[in-house]
Amino acid sequence: MSIRVLVVEDEPDTAELIRTLLRDRGYKFSLARNGAEGVLACRRDPPDVVVLDLRLPEMDGWEACRKIREFSEVPILVLSAIETHDGVSRALQAGADSYMSKPFSSEDLLSNIHALTLR
């Protein structure tokens with residue numbers, strides 16, 4: 001059985017890079033382009049892991065994380081260009097399990113996703 005990763009990312013180049021990395025490693029990939037779509041996708045077809053950007057249209061990543069936590073304990077990895085202490089702290093307080101900054105190393109991203117699936 002493949003591990004299913006929901007990526008909530010509005011930047012097409014970043015989403016495509018993550019899609020390629022995950023598919024090359026045998027993960028199943030689904031994409032939501034905004035926070036509201038991500039919450040709905042998580043509720044409709046629960047993934048094994050969520051990779052969540054913070055700067056998203058319609059509903060930001062912090063709010064999406066809080067909403068997902070209302071109904072799910074799915075591991076959430078925040079992947080964001082926001083590197084401030086406040087941004088990281090808010091993400092973790094909203095329910096994120098891990099935080100990575102953009103730009104990111106492909107191996108670090110894959111290692112983080114793998115670690116979260118072992119929980």
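The following dialogue works through a predicted model of a single chain and the reasoning behind the terms used to describe it.

Trainee: What makes up the chain, and in which order do the elements run?

Mentor: The chain holds 5 helices and 5 strands. From the N terminus on, the elements run β-α-β-α-β-α-β-α-β-α.

Trainee: How do you know whether the radius of gyration agrees with that of a compact globule?

Mentor: For 119 residues, a compact globule would have a radius of gyration near 14 Å, and the chain has 13 Å, so the value agrees. Along its principal axes, the C-alpha trace spans about 35 × 30 × 30 Å. As for burial, 48% of the 119 residues count as buried. The accessible surface comes to about 6100 Å², and carbon and sulfur atoms account for 48% of that surface.

Trainee: What is the order of the strands in the sheet, and why are some called edge strands?

Mentor: The 5 strands form an open sheet in the order β2-β1-β3-β4-β5, with parallel pairing. The edge strands are β2 (28-32) and β5, since each pairs on one side only. From one strand to the next, the twist averages 20°.

Trainee: Why are β1 and β2 called paired?

Mentor: Pairing requires at least two bridges.

Trainee: What makes strand β4 largely enclosed by the rest of the structure?

Mentor: A residue is buried when its relative accessible area is under 20%. In β4 (residues 76-80), 5 of the 5 residues are buried, and therefore the strand is largely enclosed by the rest of the structure. Ile 76, Val 78 and Ser 80 point one way from β4, while Leu 77 and Leu 79 point the other way, and all are buried.

Trainee: Which strands pair with β4, and over how many bridges?

Mentor: Strand β3 (residues 49-52) pairs with β4 in the parallel sense over 3 bridges. Within that pair, Val 50 stands opposite Ile 76 in β4. Between these strands the chain passes through helix α3 (residues 61-69), and this β-α-β crossover is right-handed. Strand β5 (residues 98-101) is joined to β4 by 4 bridges, and these strands also run parallel. There, Ser 80 stands opposite Ser 101 in β5.

Trainee: Why is the unit of β4, α4 and β5 called right-handed?

Mentor: The term applies when, with the strands pointing away from the viewer, the path from the first strand over the helix to the second runs clockwise. The unit made by β4, helix α4 (residues 85-94) and β5 is right-handed, so its path is clockwise in that view.

Trainee: How do you know whether Ala 41 is buried or exposed?

Mentor: Ala 41 has a relative accessible area of 15%, which is under 20%, so the residue is buried. Ala 41 lies in helix α2 (residues 35-44). Not counting residues up to four places away in sequence, Ala 41 touches Leu 6 and Pro 46. The C-alpha atoms of Ala 41 and Ser 30 are separated by 8.8 Å, with the two residues 11 apart along the chain.

Trainee: Which residues does the cis peptide bond join, and where is the proline found?

Mentor: The cis peptide bond joins Lys 102 and Pro 103, with omega about -5°. Pro 103 is found in the loop between β5 and α5 (106-117). By contrast, most peptide bonds are trans.

Definitions and conventions: Residues numbered from 1 in each chain as written. Predicted model: local features only at pLDDT ≥ 70, side-chain atom pairs only at ≥ 80, totals over all residues. Heavy atoms only, no water. Buried < 20%, exposed > 50% of the residue type's maximum accessible area, 1.4 Å probe, protein only. Helix = DSSP H or I, 4+ residues; strand = E, 2+ residues; numbered from the N terminus. Axes fitted to C-alpha atoms, helices over the stretch in contact; angles between N-to-C directions. Rg over C-alpha atoms; globule rule 2.2 N^0.38 Å. Areas by Shrake-Rupley, 256 points an atom, 1.4 Å probe, with all protein chains shown as cover. Contact = heavy atoms within 4.5 Å.
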